[in-house]
Structure formats: structure tokens, C-alpha cells
Amino acid sequence: MAPCPGMWARSLLLLPLLLAIVRTSKLNVPRVLLPYASTPPSFPLLSESGCYSWSSTRPEVVQVKPDMVGCSTSAVIQALGSSGVKGSAMVMAEDKDTGLLLRADVIVDKIHSLKIVTKTHELYLEETPEKFEVRAYDEHGNEFSTLKGLKFRWTIESGGNAKGTDILRFMSWKDSPYNTEPILEKLESQGSQGNKVLLEGIKTGSAKVSVKLVDAQHSSVPAAVEPLMVVANLFLLPPAANIIPCASLDYTANQFRGNRLIPVKL
């Protein structure tokens with residue numbers, strides 16, 4: 001039986017649409033580096049369009065959990081095992097309707113080093129707290145894709161003559177003005193700390209902040225340490241002036257402190 005001309009017409013109309021889907025569909029990342037851990041962190045894989053069946057070429061190394069039964073646009077992956085031996089797997093996402101196959105290469109390895117990341121090493125006295133984040137790297141300096149859910153021990157240390165805890169203090173996420181990640185609030189409610197903390201200056205001076213992994217599996221990973229300074233947020237009025245020789249000018253000083261402007265005696 002000869003095919004109906006209308007069927008050919010519909011197929012030709014659908015062809016550009018299918019080609020567009022193939023060109024635009026991809027996962028949010030092509031490669032993921034996950035750490036071994038007693039409680040491994042999760043990492044989301046997201047597709048831009050379509051509905052896929054998800055699988056791992058080595059489920060004993062990388063576990064895949066689709067967000068929905070059947071087909072879904074996203075899935076969560078986790079590293080399995082605790083041997084510390086470097087492993088790899090491919091996570092596949094297949095669209096059964098179009099035959100489109102997406103892929104992400106996943107490497108699992110042990111953490112070799114830590115580094116504290118912050119926007120500034122100078123905090124203002126009694127101002128909005130600063131966010132500090134720790135990142136982890138393998139032995140080749142490659143950064144792990146996620147540390148969410150891992151437990152860390154953050155410590156304030158002395159950086160000069162005064163005790164570090166006299167200079168800095170931690171602020172809890174629930175008391176902060178920041179939008180909080182649920183996993184950080186959960187760890188905080190359990191008396192633990194995650195991969196991010198908030199620090200505020202309570203006295204001018206210098207101090208250090210350090211962070212170390214809590215998991216005994218990572219006991220050999222050295223702590224990361226960063227020096228910090230707490231300074232008063234002072235400014236003069238007028239900020240600049242031109243005067244003739246032998247003339248004088250009265251200056252005033254003000255300080256931002258706790259969202260207030262306070263005059264300072266000179």
C-alpha cells in the first residue's frame with residue numbers, strides 16, 4: 001500500500017522541529033568530578049528539553065536517581081563506595097521518542113586539598129557578615145563539582161596578639177540576611193557546619209579562619225587557612241579639599257556601624 005501524500009507532508013513539517021530539538025538538547029554540564037565520602041554529595045544533571053530515561057554505565061561507581069518515574073528532564077547523581085580509588089562512568093540520558101542520547105562523563109576521586117574562597121580578606125567592624133566558601137581539589141588541581149552536604153569544621157584562630165574569637169565570630173544562617181541553602185540550614189540545626197559559613201567582625205584586628213573535613217576518611221587532607229583583617233569603616237568629611245597656604249579646615253569623621261552613622265572624635 002502506497003503511503004498517503006498527507007503523511008509525507010506531515011513528516012516533512014516535523015523534520016525541522018526534530019532537528020531543532022537535537023541541536024538544542026544537551027545536559028547542563030558535560031563532565032562532573034565527584035568526591036568519595038561516607039555521605040556523598042549529590043549533583044543535579046539537567047536537560048534543556050525533552051524527556052529522558054537515565055542510566056549509568058557503572059552503577060557500582062555512580063548512582064543515578066531520576067526526578068520522576070519513567071522519563072524526566074533531570075536526575076541526581078552520587079558517587080558510591082569509599083575505596084578512594086579513582087573511577088569513572090558515563091551517565092546516559094535517552095529520549096525514547098526521538099532516539100536522542102545525551103551523555104555526561106563522571107569521575108570519582110578522593111579529595112587532595114582544600115581552599116577557602118571569599119570576595120574580601122578585609123571585613124568591616126559590625127557590618128553585614130561576609131560569606132566564606134571552601135572548595136576541594138584532586139591531586140591534579142581539578143576542582144570537585146560539589147561539596148554540598150559534606151561536614152566541615154570551621155575554626156577562628158589568632159592572627160596577632162588578641163584571640164581570634166575576640167576579632168571575629170560566626171553568624172548562623174537562620175539569623176543572617178542571606179538567602180539560605182536548605183542543606184546548610186539542616187547541617188546547622190544538627191550542630192554541624194557545611195561548605196559555606198558567615199563571618200562578622202566584632203573588634204578591629206587580625207585573625208585567621210581555617211577549615212577541615214570532619215569525615216575520618218579525609219583525615220589526611222590538610223586544613224585550609226586564610227588570614228583576615230577587621231577594620232572600622234571610617235570616612236572623612238569633606239573627603240577632599242583645596243585650601244590656600246596658612247589656612248585651616250575643620251574635618252569631621254564618621255563611621256558606619258551596625259547600619260548606623262556614628263560621629264567619631266578626632
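## A pair across two strands

In strand 14, lysine 212 is the bridge partner of arginine 153. The two strands involved, strand 11 and strand 14, pair in the antiparallel sense over seven bridges. Strand 14 is also joined to strand 15 by seven bridges, and these two run antiparallel as well. Here alanine 207 has leucine 228, in strand 15, as its bridge partner.

Strands of a sheet pair through backbone hydrogen bonds, in either the parallel or the antiparallel sense.

## The model as a whole

This is a predicted model. The protein has three helices and 18 strands. Of its 266 residues, 34% are buried. The accessible surface comes to about 15,900 Å², and carbon and sulfur atoms account for 56% of that surface.

Among contacts between residues at least 6 apart in sequence, 62% join residues at least 24 apart.

The average pLDDT of the protein is 87, and 89% of the residues score at least 70. Among the elements, strand 8 has the highest mean pLDDT, 98, while helix 1 (residues 5-24) has the lowest, 47.

Two stretches fall below 50. One is residues 6-15, where the pLDDT is below 50 and the model shows one contact beyond near neighbours in sequence. The other is residues 17-23, again with pLDDT below 50, with four such contacts. Where pLDDT is low, the predicted coordinates should not be read in detail.

Strand 2 and strand 5 (residues 74-79) pair over four bridges, in the antiparallel sense. Leucine 46 stands opposite serine 74 of strand 5.

Five bridges connect strand 8 and strand 10, which pair in the antiparallel sense. Serine 113 stands opposite tyrosine 137 in strand 10.

## Two nonpolar cores

In soluble globular proteins, nonpolar side chains tend to be buried together. The largest nonpolar core here has 28 residues. Among them, Ile111, Leu114, Phe152, Trp154 and Leu168 touch the most other members. Six strands each supply at least two residues of this core: strand 8 (113-117), strand 10 (130-137), strand 11 (152-158), strand 13 (196-201), strand 14 (205-213) and strand 15 (224-231). Strand 14 gives the largest share, four residues.

Leaving aside neighbours within four places in sequence, leucine 168 is in contact with Leu123, Ile156, Leu199, Glu200, Gly201, Ile202, Ala207, Leu228 and Val230. A second core of 22 residues is separate, and includes Tyr36, Val64, Leu100 and Leu102.

Definitions and conventions. Residues numbered from 1 in each chain as written. Predicted model: local features only at pLDDT ≥ 70, side-chain atom pairs only at ≥ 80, totals over all residues. Heavy atoms only, no water. Pairing = 2+ DSSP bridges. Core = buried A, V, L, I, M, F, W, Y, C linked by side-chain atoms within 4.5 Å. Buried < 20%, exposed > 50% of the residue type's maximum accessible area, 1.4 Å probe, protein only. Contact = heavy atoms within 4.5 Å. pLDDT = per-residue confidence, 0-100. Areas by Shrake-Rupley, 256 points an atom, 1.4 Å probe, with all protein chains shown as cover.
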